[in-house]
Amino acid sequence: MRLLETIELTKNFFGLTALDKVNLHVNKGEIVGLIGPNGSGKTTLFNCATGVLPVTGGRVKFMGEDITGLKTHEIALKGLSRTFQIIRIFPKMTVMENMLLSIQQHQGERILSSIFRTPRIRRLEKEARERALKLLEFVNIDHLKDSLAGNLSFGQHKLLEFIMALMPDPEIVLLDEPAAAVNPTMIKKMMDHIVQLNKEGYTFFIIEHNMDVVMELCTRVVVLNYGEKIAEGKPEEIKNNDDVIEAYFGT
Amino acid sequence: MEMFFQLLVNGIAFGSIYAMVAVGLTIVFGILEVVNFAQGEFYMLAAYVTFLVYLTQLPYPLAIVIAVATMIVIGLIVERFAIRPLIGRAWQLPILSTLGISIIMQNGAIVIWTPNPRTIIIDIANLNIHIFGVVIVFQKLMIVFFALALFIGLHYFIQKTKTGKAMRAVSQNKEACRIIGIDVPRISSITFALGAGLSGFGGALVAPVMAIHPVMGILLVLKCFAAVIMGGFGNIKGTICSAFILAIVESFAVAYVSLQYKDVFAFLVMIIILLFRPAGIFGKKVGI
Amino acid sequence: MRISRLLVIIAVGIFLLGIPYFVTSSYVMHIIIFSGIYIIFALSYDIVVGYLGMLSLGHPAFYGVGGYTSVLLVMKLDVPYVIALPIAGILALIVALIVGFPALRLSYHSFAIVTLAFTLIMRAVWINWVSLTNGPMGIPGVPRPTIDIPFLGAVHIETLTDYYYLILILVIITCLFIYFMIHSRVGRALLSIRENEVLAETLGVNAFKYRMIAFAIGAFFAGLAGSFTAHYITFMGPEFTDFYYITMLLIMVILGGSGTIHGVIIGAIAFTFIPEYLRITPEFRDVIYGFVLVMTIIFMPEGIGGKINEIIYKRRVRTG
């Protein structure tokens with residue numbers, strides 16, 4: 001089943017074409033890699049898909065439904081999570097608060113009952129805490145749950161952001177460079193987490209520069225260059241594709 | 001028909017003043033990203049300085065020069081001590097700081113000069129000139145003339161001079177400017193002083209035709225904010241056009257709609273425009 | 001820990017309840033009541049400025065809406081005060097929703113100026129709609145509140161002590177509501193928008209909706225404060241929307257510590273008492289206010305409340 005699909009997706013910035021009629025899709029249960037040289041439009045594609053940037057042309061479909069032009073929070077609530085290239089967390093909130101915030105909107109929101117803490121809200125909050133704790137244990141940072149998120153190390157930030165994306169039990173997770181600037185041990189850990197979660201049924205769509213990670217992790221790879229899709233296929237096919245080699249190394 | 005032209009001419013004369021003050025606001029916003037509430041106070045203080053200098057029997061043109069120079073100096077002091085320490089911190093802080101400065105200056109003026117309005121009487125300024133049945137006070141013609149000269153000069157300054165080019169660069173990308181060695185704090189000081197000077201020039205020009213009082217600046221600056229927002233923050237041409245539009249609308253609305261709500265029309269126009277175009281009529285421009 | 005906390009609450013409660021019995025000066029009592037009004041006013045302002053992180057300059061207008069609403073309801077339509085008071089808050093809330101709908105979509109700077117324009121427009125309406133508001137003269141002779149309590153009969157609020165207990169109840173309701181709001185999911189969502197809007201949206205937070213909610217709740221409590229003031233000094237006029245009130249609110253909130261409840265309460269009490277004992281002209285007082293505002297922003301932007309939090313946090317870290 002096609003979870004996420006872009007049809008002729010186009011994005012212009014002040015006359016510059018960042019994405020040019022890109023067609024791609026991610027099936028349920030896959031780990032799809034999105035690669036390409038710097039400035040090829042990978043992050044722009046994520047931003048267009050999640051509604052952070054308005055698209056210029058084309059459509060984005062999620063689980064068969066057209067989500068083009070929806071607001072970021074509306075898309076998020078449909079079950080599409082993401083992380084950012086530059087880590088984004090709330091440094092002045094505790095780790096637990098960051099986790100709870102990631103799920104509360106997904107549980108449905110009633111303003112007054114939230115303020116007055118009705119039994120239903122208490123129950124939801126308790127469930128959310130339990131789930132958060134489970135995920136924190138999963139990546140081994142549960143001992144930090146009450147520290148301010150700003151006091152975490154870089155690697156811990158990266159993990160926190162990752163599990164925040166998992167918190168609402170999303171249909172698909174978009175990861176923007178999960179292995180960037182991370183030490184090899186950490187990369188290994190991150191990859192193990194992704195593989196294990198994929199086995200549990202999670203779908204991933206990953207931007208990554210580290211080719212070893214892409215080759216080992218991804219079931220399928222899409223290559224962008226100057227906003228155009230130049231190749232798509234299994235990792236080993238991509239590795240030997242002439243267009244891709246040219247895009248990366250020139251001729 | 002004569003009435004129509006009379007109102008139009010009045011609108012243009014006031015539009016010139018609004019535009020002078022508003023351009024100062026918009027360049028300060030474009031370069032320092034600061035909404036300067038004290039801009040109207042430079043206008044008010046300049047009118048007082050003109051008044052004080054005129055009392056010493058010095059000629060009016062000299063009074064204008066002294067008033068503008070004083071405002072530039074005060075502008076530099078305010079920028080150095082109340083704005084610069086706040087650059088790069090939370091966006092509300094500089095606004096609040098200029099608001100504080102505005103309160104100090106406004107109430108300081110009441111303490112020093114009392115709230116009673118003062119007037120300067122210059123015979124030539126109040127000369128009535130008849131053109132095709134429309135009566136124009138000589139000073140209003142001077143206001144329009146000087147305003148236009150000033151805008152042309154400003155355009156030349158920003159487009160052609162080295163400092164002007166540096167200002168444009170700073171308004172587009174501060175980081176890049178730092179890297180290529182443009183002294184960003186110096187440009188910020190110059191910009192703020194320029195804004196104060198523009199406002200001061202406006203104040204000195206209206207001194208002979210309007211009552212001078214401590215709260216004359218605050219209402220004006222709020223209308224100028226309306227012009228700045230309508231024109232798109234930081235967009236000089238948009239701001240000037242909006243200032244004239246607001247002043248002309250105000251002039252006609254006072255005559256045909258209601259005198260009581262005189263000070264409200266500018267805001268109503270602004271709000272209606274923002275409802276349809278949240279970034280202003282002329283849109284946000286990158287840089288000044 | 002729990003018990004000591006309970007004891008502190010009981011002690012503070014006894015102190016607050018006992019104030020009318022050991023404060024003998026009616027002048028001091030009057031200022032204490034005004035402190036209560038400003039606590040509500042400043043806390044409601046802090047929802048917008050501190051927790052939402054938007055600079056609204058329209059707060060006095062909501063205070064005015066509340067005041068005029070309840071005065072007109074009571075005087076022209078004979079509505080009982082217990083009903084007029086909440087309606088004053090609700091009407092302020094509705095006006096905030098109407099103003100916020102376009103204004104909260106604008107940039108931060110435009111929002112500040114549009115809300116200021118709103119204050120000036122409301123002020124012009126109150127001054128010029130003479131048949132309803134009696135124009136710049138204001139409405140004198142506003143009746144003192146009468147509250148019907150089931151089984152107890154009508155309670156007439158007349159003496160300073162009566163007013164003190166009424167404002168105490170309102171202050172407690174306001175503090176509790178804001179405390180609960182900030183520590184609920186709503187508060188968490190508001191904080192997330194202030195800290196990083198893009199990330200908040202990515203996590204499913206509808207930033208615009210929460211801004212509307214916070215802006216409207218702030219207006220509601222400002223409306224209550226306005227209503228109480230009018231029925232306390234038995235007068236309602238357009239001067240309640242003076243620019244002076246914005247300055248004062250900003251000082252109370254910024255110097256007190258935006259985004260902290262205790263700090264804002266301290267700021268509100270301090271700046272109700274200080275001007276009363278500074279025997280100087282209002283203009284000179286405003287010069288000092290402006291100076292205090294600028295100095296606070298430059299040297300202590302986190303305010304008194306922020307400083308207190310910092311000290312508590314440091315001590316907690318030190319003691320583990």
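Trainee: Which residues of α5(B) meet which residues of α6(B)?

Mentor: Contact means heavy atoms within 4.5 Å, and helices are DSSP runs of H or I with at least four residues, strands being runs of E with at least two, numbered from the N terminus. In this predicted model, Phe157(B), Ile158(B), Gln159(B) and Lys160(B) of α5(B) meet Lys162(B), Thr163(B), Gly164(B), Lys165(B), Met167(B) and Arg168(B) of α6(B). These residues divide into 3 nonpolar, 3 polar and 4 charged, where Ala, Val, Leu, Ile, Met, Phe, Trp, Tyr, Cys and Pro count as nonpolar, Asp, Glu, Lys and Arg as charged, and the others, Gly among them, as polar. As for the conventions, this is a predicted model in which local features need pLDDT of at least 70 and side-chain atom pairs count only at pLDDT 80 or more, while totals for chains, interfaces and linings use all residues. Residues are numbered from 1 along each chain as its sequence is written, chains are lettered from A and ligands numbered from 1 in the order in which they are written, and side-chain values use heavy atoms, with hydrogens and water left out.

Trainee: At what angle do helix α5 and helix α6 of chain B pack?

Mentor: Axes are lines fitted to C-alpha atoms, for helices over the stretch in contact, and angles run from 0 to 180 degrees between N-to-C directions. Angles under 35 degrees count as roughly parallel, over 145 as roughly antiparallel, 65 to 115 as roughly perpendicular and the rest as oblique. Helix α5 (residues 138–160) and helix α6 (residues 162–172) of chain B pack at about 75 degrees, with their axes 5 Å apart, and α5(B) and α6(B) are therefore roughly perpendicular to each other.

Trainee: Which residues touch the most other members of the largest nonpolar core?

Mentor: A nonpolar core is a set of buried Ala, Val, Leu, Ile, Met, Phe, Trp, Tyr and Cys residues joined through side-chain atoms within 4.5 Å; buried means under 20% relative accessible area, exposed over 50%, and partly exposed in between, with a 1.4 Å probe and protein chains only. The largest core here has 259 residues, of which Leu160(A), Ile163(A), Phe204(A), Phe228(C) and Leu250(C) touch the most other members. Leaving out residues up to four places away in sequence, the partners of Phe228(C) include Ile33(C), Tyr81(C), Tyr163(C) and Leu170(C). A second, separate core of 24 residues includes Leu9(A), Leu19(A), Leu80(A) and Leu224(A).

Trainee: Which chains share the most contacts?

Mentor: Of the 2 pairs of chains in contact, chains B and C share the most contacts. Buried area is the accessible area (1.4 Å probe) that two parts lose on being put together, summed over both. Chain C and chain B bury about 3,300 Å² between them, 83% of it on carbon and sulfur atoms, and His109(C), Ile113(C) and Ile297(C) supply 19% of the area that chain C buries against chain B, more than any other three residues. Between chain A and chain C the buried area is about 2,800 Å², with 63% from carbon and sulfur atoms; on the chain A side, His73(A), Phe90(A) and Ile115(A) lose the most area, together 23% of what that side buries. Chain A and chain B do not touch, and their nearest C-alpha atoms are 11 Å apart.

Trainee: Where does Tyr261(B) lie, and which residues does Tyr261(B) touch?

Mentor: Tyr261(B) lies in the loop between α10 (236–256) and α11 (265–276) of chain B, and at 23% relative accessibility Tyr261(B) counts as partly exposed. Tyr261(B) touches Ala124(C), Val125(C), Asn128(C) and Trp129(C), not counting residues up to four places away in sequence.

Trainee: Is Ser70(C) buried or exposed?

Mentor: Ser70(C), found in helix α3 (residues 59–77) of chain C, counts as buried at 0% relative accessibility. Beyond residues up to four places away in sequence, Ser70(C) touches Ala84(C), Ala88(C), Ser227(C) and His231(C).

Trainee: What is the phi of Met63(A)?

Mentor: Most residues other than glycine have a negative phi. Met63(A), however, has a phi near 50 degrees, a positive value in a residue other than glycine, and lies in the loop between β4 (57–62) and β5 (65–66) of chain A. Asn140(A) also has a positive phi, of about 60 degrees, although it is not a glycine; the place of Asn140(A) is in the loop between α5 (119–138) and α6 (154–166) of chain A, and Asn140(A) is exposed, with a relative accessible area of 55%.
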